[in-house]
Amino acid sequence: MRFVDEYRDPELARRLLAEIRATVTRPWTIMEICGGQTHAIMKHGLDQLLPPEIELVHGPGCPVCVTPLEKIDRAIAIAGRPAVIFTSFGDMLRVPGSCQDLFMVRAAGGDVRMVYSPLEAVKLARQYPECEVVFFAVGFETTAPGNALAIRQAAREGLANFSALASHVLVAPAMRYLLSQPTNRVQGFLAAGHVCTVMGLEEYEPLAAEFKVPMVVTGFEPVDILEGILLTVRQLEKGEHRVENQYGRSVQPRGNPAARQVIDEVFEVADRGWRGIGIIPASGLAIRARYASHDAEKKFAVTAITATEPTGCVSGRILQGLTKPPACPAFGRACSPAHPLGATMVSSEGACAAYYRYQRRAVLS
Amino acid sequence: MNPVPPRLSCPLPIMDHDRVQLAHGSGGLLSAQLIDRLFLPRFANPILNRLEDQATLELPAGRVAMSTDTFVVDPIFFPGGSIGDLAVNGTVNDVAMSGAPPLYLAAAFVLEEGLPMADLHRVLVAMEEAARVAGVVVVTGDTKVVPRGACDKIFITTTGIGVVPEGVTISAASLRPGDAIILSGTLADHGMAILTTRQGLSFHSRIQSDTAALYGLVAAMLAVCPTIHALRDPTRGGAATTLNEFVRSSRVGIELEEGRITVRPEVQGACEVLGIDPLFVANEGKLIAAVPGEAAAGVLAAMRNHPQGREAAIIGRVTAQHPGLVVLRTALGAERIVEMPVAEQLPRIC
C-alpha cells in the first residue's frame with residue numbers, strides 16, 4: 001500500500017538500525033511521546049532490534065489513558081440520563097470509571113453511540129431535536145480542531161441540544177512538566193508527528209533550548225521511528241539540542257494555521273488533571289465562555305462529581321518515563337486489558353497494554 | 001447503491017402487503033400466503049414440499065456433523081453479499097470444517113414488523129443461490145414476526161448437517177509440532193466491507209465481502225491429504241482468534257511469518273484509517289488449516305488450483321515451543337505475540 005509500505009520497508013529499517021549502532025557510543029534514554037508510537041514500537045518489535053545502549057521510555061501521549069477518572073464518571077452520569085444521546089470515539093467506551101464504563105451504561109438502557117467524527121454527533125443533534133446530544137471531546141491537539149469545528153458548527157446552526165464534554169490535553173506543557181521533575185531521566189524526545197502537524201514546531205524550540213534536550217518530530221511507521229531515533233542519537237552524541245523534523249511529509253514549521261485558528265476560537269488554555277500524574281498547569285483546553293451553552297459540564301451541572309484514583313497502580317510513574325510496565329508486580333497478573341488496574345492498561349495505546357498485547361511473553365517468562 | 005440480486009429472473013411475487021405485518025407470523029392465512037408465495041418457490045425440494053412439522057432424512061453411513069449459527073448482521077445488504085448469503089455460507093462452512101460435505105439446512109427467520117417484502121425476497125433469493133452453489137437443500141424452516149423494534153429487520157438462524165467421510169478426523173485439538181499452517185487467501189475482507197458500509201466510509205475501490213461456501217476447497221484439500229489435522233474458518237474474531245483456539249486446544253505453539261499474510265490494499269487502507277488489525281477482523285470465505293509438514297506442499301498446490309484458494313499461502317508452523325501462544329515474526333525480524341482479542345476492536349482516537 002502506497003505511503004505505508006515504503007515506511008515499513010525491512011531493508012531500509014535494517015540500514016537505519018545499522019547506522020544507529022554505528023553512531024551510539026554510550027547509554028541514552030529517549031522518550032517517545034505518543035501512544036501511537038509506543039504501539040508501533042511494540043507491534044513491530046523495534047525495541048528488540050535496537051542496540052542495548054538505547055532505552056526507549058514511553059510518554060504520556062495516550063489521550064484515553066490520561067483522561068481523569070472524574071471526567072469519565074461525569075460522562076457516565078450524563079450518558080445515563082433520559083433523552084440524552086451520548087456519543088464518543090470507540091476506545092473511550094471501554095475505559096472504566098470509578099464503578100462502571102460507558103458500555104455498561106448502554107447495557108443498562110442509556111443511549112450511548114460510537115461515532116467516527118464529532119460532526120456525526122452534530123448530525124444526530126439535527127436529526128433528534130427532542131434529545132440532548134453530547135459528544136465526549138477527548139484527545140490531544142490532533143482531535144481538537146475537529147472537535148472545535150463541531151462546536152462551532154452547532155453554534156452557527158443554533159443547535160441548542162448539542163454539547164461537548166471537553167477533555168483536551170496539550171503535549172508541550174506535559175513535556176515541560178516531565179523535564180522539570182528532579183527525577184527526570186529523559187535525554188531526548190521523539191515528539192508526536194500528528195500533534196505537530198496541527199501545532200507546528202514553535203512550542204518545542206524554547207523547551208529544547210531551556211532543558212538542553214534534542215527533540216525530533218517523528219512519524220508513526222517503523223522507518224519513521226528508527227530515523228527519529230537516529231537523528232536524536234546523532235544530536236545526543238554530538239552534545240546538540242535542536243528541534244528537528246523527521247516527519248516532513250506531514251509537518252510544516254507553523255503547523256496548520258486554519259486548524260490552530262479554530263481551536264483558538266472555541267477553546268482556551270486551562271489547567272488540566274492527567275490521570276496518574278495530577279494537575280499540570282496550562283496543559284488542557286476548556287470551552288470558551290462564548291460557547292458555554294455547548295459545554296456539557298455546565299449544561300448538565302456535573303462538575304461536583306469528583307473521584308479518587310485507586311492507589312497501588314504505577315501508571316503515573318510509567319507515564320513520566322520513571323518506570324516501565326515489566327517492572328510492575330501486577331503486570332499480566334492482577335492487571336490485564338480485561339481487568340485493567342490503571343490508566344496505561346485501559347487503552348490499546350497505553351504502554352502497559354502495548355507490552356501486554358505484543359511482548360508479554362518476554363516480560364512474564 | 002446495493003449490488004443487484006444475483007438472479008433477475010425471479011421478481012417479487014404480487015403480495016397483499018408490501019411490508020411484513022405482525023399477522024404474517026400469526027399462523028393464519030397471511031402466514032400461509034407468505035410461505036407459499038415467498039419461501040417455498042425459493043427452496044422447493046421434495047423434502048420441504050411435504051410441509052410436515054419436521055424433515056425426515058436419509059443419511060449415508062458415518063459420523064454426522066451438525067452446526068448452528070444465528071445471523072444478525074447490520075446492514076443486511078453489503079458489497080459482495082447479504083445476510084442471506086451469510087446465513088447459508090456461514091453454517092455450511094462450519095459443517096465443512098469437519099471435512100463433511102454439507103447436505104441439509106434448516107432455516108428459522110425472525111422478521112421485524114414493517115420489513116419491506118422486497119428486502120425479504122432479496123434475502124431469500126440470495127439464500128436460494130447460495131444453497132445451490134453450496135450444494136445443500138433447505139429441508140425445514142420456521143418464520144416468526146416480532147413487533148417493530150423487537151428485532152432489527154431480519155435475524156436468521158440456520159442449522160446444517162453433513163456426514164464426515166470415513167478416515168477423516170479433523171479437530172482443533174489435533175495440531176502437532178511440525179504441522180504447516182495454511183491460510184486460504186486474503187484477510188479481513190468481510191469485516192471491513194461491513195464496517196466501511198456501516199460507517200459510510202468510501203475508499204477508492206469498494207471493499208467486497210468474501211462470503212463463500214468452502215466445501216469445494218476442503219474436498220480438494222482432503223483429496224490430496226485425508227489426514228488434515230485441523231480446519232477452521234476464521235469468522236468473528238478473525239485469524240488471531242482461530243489460531244489462538246488452535247494453540248489452546250492442542251497445547252502447542254504457532255509461529256507466524258508476517259510477510260506471508262496478505263491483505264488487499266483497499267482493506268489494509270481501511271484498517272489503517274480506523275486503527276484496526278486485520279488479524280482480528282472477520283472473514284466469511286477463508287479457512288485456516290494445520291496439515292502435516294510433509295503434506296503441506298501438496299495441499300497448498302491443490303488449494304491454489306481451486307478458485308477459493310488461489311491466494312493460499314503457508315503462513316507459519318506449529319512448534320512445541322511456547323505452548324498456548326501464537327508468536328508472529330515481524331517483517332523487520334522481531335517477534336510479537338498475536339493475542340486472543342479481549343473484546344470487539346474499537347477504532348482508536350488517534
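This is a predicted model: local features need pLDDT of at least 70, side-chain atom pairs count only at pLDDT 80 or more; totals for chains, interfaces and linings use all residues.
Across the interface of chain B and chain A, five residue pairs are found in polar contact, both partners being at pLDDT 80 or more.

By residue class, the side of chain B that touches chain A divides into 16 nonpolar, seven polar and seven charged residues.

Next, the extent of this interface. In total, 30 residues of chain B are in contact with 41 residues of chain A. The area buried between the two chains is about 3100 Å², and carbon and sulfur atoms give 61% of that area.

Which charged pairs join the chains? The count between chain B and chain A is two salt bridges. One of them links E339(B) with R357(A), where the closest N and O atoms are 3.5 Å apart.

The domain assignment of chain A gives three entries: domain 1 (5-58 + 171-245), domain 2 (65-169 + 255-299) and domain 3 (315-360). My concern here is with domain 2 and domain 3 of chain A, whose C-alpha centres lie 26 Å apart. To their contact, domain 2 of chain A contributes eight residues and domain 3 of chain A contributes 10 residues.

How much area is buried between domain 2 and domain 3 of chain A? The figure is about 710 Å², with carbon and sulfur atoms giving 74% of it. Within domain 2 of chain A, the residues that lose the most area to domain 3 are C65(A), R275(A) and I277(A), which together make up 55% of what that side buries.

What of polar and charged pairs at this domain interface? Between domain 2 and domain 3 of chain A, the rule finds zero salt bridges. On the side of domain 2 of chain A that touches domain 3, the residues divide into five nonpolar, one polar and two charged.

To close, I set the two interfaces side by side. Between chain B and chain A there are two salt bridges, whereas between domain 2 and domain 3 of chain A there are zero.

Terms used. Residues are numbered from 1 along each chain as its sequence is written. Chains are lettered from A and ligands numbered from 1 in the order in which they are written. Side-chain values use heavy atoms; hydrogens and water are left out. Domain bounds come from an automatic or database domain assignment. Contact means heavy atoms within 4.5 Å. Buried area is the accessible area (1.4 Å probe) that two parts lose on being put together, summed over both. A salt bridge is a side-chain nitrogen of Lys or Arg within 4 Å of a carboxyl oxygen of Asp or Glu. Ala, Val, Leu, Ile, Met, Phe, Trp, Tyr, Cys and Pro count as nonpolar, Asp, Glu, Lys and Arg as charged, and the others, Gly among them, as polar. A polar contact is a pair of N or O atoms within 3.5 Å; within protein, one must be able to donate a hydrogen and the other to accept it, and residues adjacent in sequence count only if both atoms are side-chain atoms.
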